[in-house]
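Colleague: I'd like to learn how to read a fold from its strands, helices and contacts. Could you walk me through this one?

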Amino acid sequence: MLEKLITAAAGITLAFAATGSAARAQEPIAQAVVAIETARPGAPINRNIYGHFAEHLGRGIYEGIWVGPDSRIPNIRGYRRDVVDALRQLEVPVIRWPGGCFSEVYDWRDGIGPRAQRPVRTRMHWDDTVDSNDFGTHEYLDFMELIGAQTYVSGNVGSMSPRDMQLWLEYMTADNDSTLAKERRKNGRAKPWKIDFFGIGNETWGCGGNMRPEYAADVNARYSAFIDPPASMGLVKVASGASVQGGGDYEAFTEAMMKHMGQTDALSFHYYAMPMGRPKSEALGFGEDEWADVLDLARQMEPMLARVSAIMDKHDPDKKVPLFVDEWGTWYKLDKNAKPGEHHFQQASLRDAMVAALTFNIFHRHTDRVKMANIAQMVNVLQAVILTEGDKMVLTPTYHLFDLYKPFMDAVPYPVSIASPEYIHGKIAMPMVDATAARGKDGRLYLALVNVDPDRAISVSTLMGTSASGRILTGPAMDTNNSFAAPDTIKPVPFAGTSINGRLVFDLPAKSVAVVAID
Ligand code: AHR
């Protein structure tokens with residue numbers, strides 16, 4: 001039966017012995033088969049799909065990254081040492097800053113010069129708290145050098161002029177005797193910085209100015225004309241694209257932007273695994289309804305990417321314009337214990353790691369277009385990879401998932417066909433097993449397997465290789481999480497496949513994600 005299914009699905013003929021062996025004392029009931037087509041390599045997985053987003057929102061920047069050089073919390077020039085170490089371990093490739101909606105009210109001049117003299121501003125978007133501006137252009141760009149990440153600065157088109165944007169870029173990148181270059185030197189930075197990506201606004205259909213699609217495209221074209229860094233810098237200018245949660249028609253918005261890209265090189269897209277028109281899930285303490293719903297919402301990224309890609313193909317058949325999913329992740333109810341100003345703070349559980357795995361697998365299947373993605377957001381906000389409280393830090397299951405998936409950075413993906421039973425809950429149905437495979441930079445074949453079923457284990461077979469080992473992330477409950485009191489409750493543990501009658505067999509527990517190298 002499995003043979004037939006997979007043959008029908010992919011036109012691949014597989015032959016292997018029936019599953020089941022006396023040697024295997026406890027045969028799981030559910031079974032799936034995975035076929036990897038190594039003869040059909042795809043476009044490489046751009047490491048930037050493992051990127052992050054850090055906005056001036058809640059405790060994302062202040063307390064989460066920046067505590068200041070005089071803090072009692074161990075720090076490197078003001079950056080939390082524990083967070084810097086954790087991000088270095090992840091090999092974070094790129095971080096988008098300062099927003100988000102915040103970028104559309106941000107005046108870069110507020111965040112340069114001696115900190116004591118910087119103005120304190122009320123944050124218009126999301127919070128009514130104030131921003132000290134202690135973390136500004138120098139602090140962001142020094143931080144990027146500290147952790148070795150590429151820079152992605154998001155400009156303000158909603159409330160400032162193209163000239164302001166142009167001057168900001170000149171301040172950061174000029175290597176001449178201009179007044180702005182001198183000012184930067186006086187403020188402590190002799191060499192120009194390298195800006196890798198520059199966003200022309202954020203969500204221009206909404207917090208970026210409530211623009212209609214054609215108008216937004218015109219504004220993008222106008223602003224992008226004034227962003228003119230040294231050619232040797234190789235700056236990629238990013239047009240602010242559609243969002244599914246924007247209330248408007250994301251297809252029409254994508255169409256309008258693609259028709260008139262101006263001098264932008266890439267297009268962005270936002271999608272959150274968040275219900276619309278009905279209550280959001282709690283981050284913890286949820287039931288199976290919310291488990292299935294959130295995973296189903298995460299899986300909707302795929303048809304949406306397919307639609308956006310199809311529109312892009314019409315205007316750009318040679319696929320020269322990359323798509324950056326520069327905001328994605330889960331969005332739950334605010335944590336019950338969140339203090340005032342802790343906007344969008346949510347705990348994270350095994351469910352979030354499952355969402356991240358399903359999402360990365362989708363990105364791996366769309367490498368022809370998707371060249372960057374930025375999880376929202378890096379620390380203390382939405383689907384954070386790190387949570388902090390005072391001097392304590394917790395690595396969330398999403399962090400561990402990013403760590404598990406590191407071998408996929410710059411790897412060459414292969415199509416994977418999966419014959420899997422369905423996970424069904426109420427009206428929601430999805431394949432129980434999702435998988436992705438790629439040839440890593442080290443030459444090894446990596447396979448990621450996800451079992452979305454919260455109750456049933458599954459035996460997954462493949463004909464590839466003779467041995468496989470790696471790590472698995474799972475937990476006893478759907479909302480297993482790491483808390484400040486118990487920070488190591490969930491983390492990856494060793495996992496291996498078994499060679500049986502010419503197949504590799506993986507016994508995947510319920511609600512788990514495994515990444516293995518196959519030899
Ligand atoms: O990530 C939180 C917010 O979500 C961002 O500021 C905005 O771009 C999006 O709507």
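Colleague: Which residue in β27 stands opposite leucine 447?

Modeller: In general, strands of a sheet pair through backbone hydrogen bonds, either parallel or antiparallel. Here leucine 447 stands opposite valine 516 in β27. Strands β21 and β27 (residues 512-518) pair in the antiparallel sense over seven bridges. For pairing, DSSP has to find at least two bridges between two strands. The names come from DSSP runs, numbered from the N terminus: helices are H or I with at least four residues, strands are E with at least two. Before we go on, this is a predicted model, so local features need pLDDT of at least 70 and side-chain atom pairs count only at pLDDT 80 or more, while totals for chains, interfaces and linings use all residues. Residues are numbered from 1 along each chain as its sequence is written, and side-chain values use heavy atoms, with hydrogens and water left out.

Colleague: How many of the residues of β21 are buried?

Modeller: Buried means under 20% relative accessible area, exposed over 50%, and partly exposed in between (1.4 Å probe, protein chains only). In β21 (residues 445-451), seven of its seven residues are buried. Leu445, Leu447, Leu449 and Asn451 point one way, with Tyr446, Ala448 and Val450 pointing the other way.

Colleague: What is the strand order of that open sheet?

Modeller: Six strands form it in the order β16-β20-β21-β27-β23-β24, with antiparallel pairing. At the edges are β16 (412-414) and β24 (493-496), each pairing on one side only. The twist averages 25° from one strand to the next. For angles, axes are lines fitted to C-alpha atoms, for helices over the stretch in contact, and the values run from 0 to 180 degrees between N-to-C directions. Further along, seven bridges join β23 (residues 468-474) to β27 in antiparallel fashion, and threonine 474 stands opposite serine 512. Helix α11 (residues 397-404) lies across β23 and β27, running at about 165° to β23.

Colleague: Now the barrel: in what order do its strands close?

Modeller: Eight strands close in the order β2-β5-β8-β9-β10-β11-β12-β13, and the pairing is parallel. Take β5 (residues 94-97) and β8 (residues 150-154), which are joined by four bridges. Isoleucine 95 has threonine 151 in β8 as its bridge partner. Helix α3 (residues 137-147) packs on the sheet, touching β5 and β8, and its direction makes about 155° with that of β8.

Colleague: And β11, is it buried or exposed?

Modeller: Strand β11 is mostly covered, with eight of its eight residues buried. Ala266, Ser268, His270 and Tyr272 point one way from β11, and Leu267, Phe269, Tyr271 and Ala273 the other way. On one pairing, β10 (residues 236-239) runs parallel to β11 over two bridges, with valine 238 partnering alanine 266. On another, six bridges join β11 to β12, also in parallel, and leucine 267 stands opposite leucine 323.

Colleague: What do the buried residues of helix α8 pack against?

Modeller: A contact means heavy atoms within 4.5 Å. The buried residues of α8 pack against several elements, including β11 (266-273), α9 (301-315) and β12 (323-330). Trp291 and Leu295 are among those buried residues.

Colleague: Which residues come nearest to the ligand?

Modeller: A residue is near a molecule or strand if one of its heavy atoms lies within 4 Å of it. Of the 13 residues around the ligand, Glu55, Cys101, Glu203, Tyr272 and Glu327 come nearest. An N or O atom in the side chain of tyrosine 272 is 2.7 Å from an oxygen atom of the ligand. For glutamate 327, a polar side-chain atom lies 2.7 Å from a ligand oxygen atom. With cysteine 101 the backbone is involved: an N or O atom there lies 3.0 Å from an oxygen atom of the ligand.

Methods:
A polar contact is a pair of N or O atoms within 3.5 Å; within protein, one must be able to donate a hydrogen and the other to accept it, and residues adjacent in sequence count only if both atoms are side-chain atoms.
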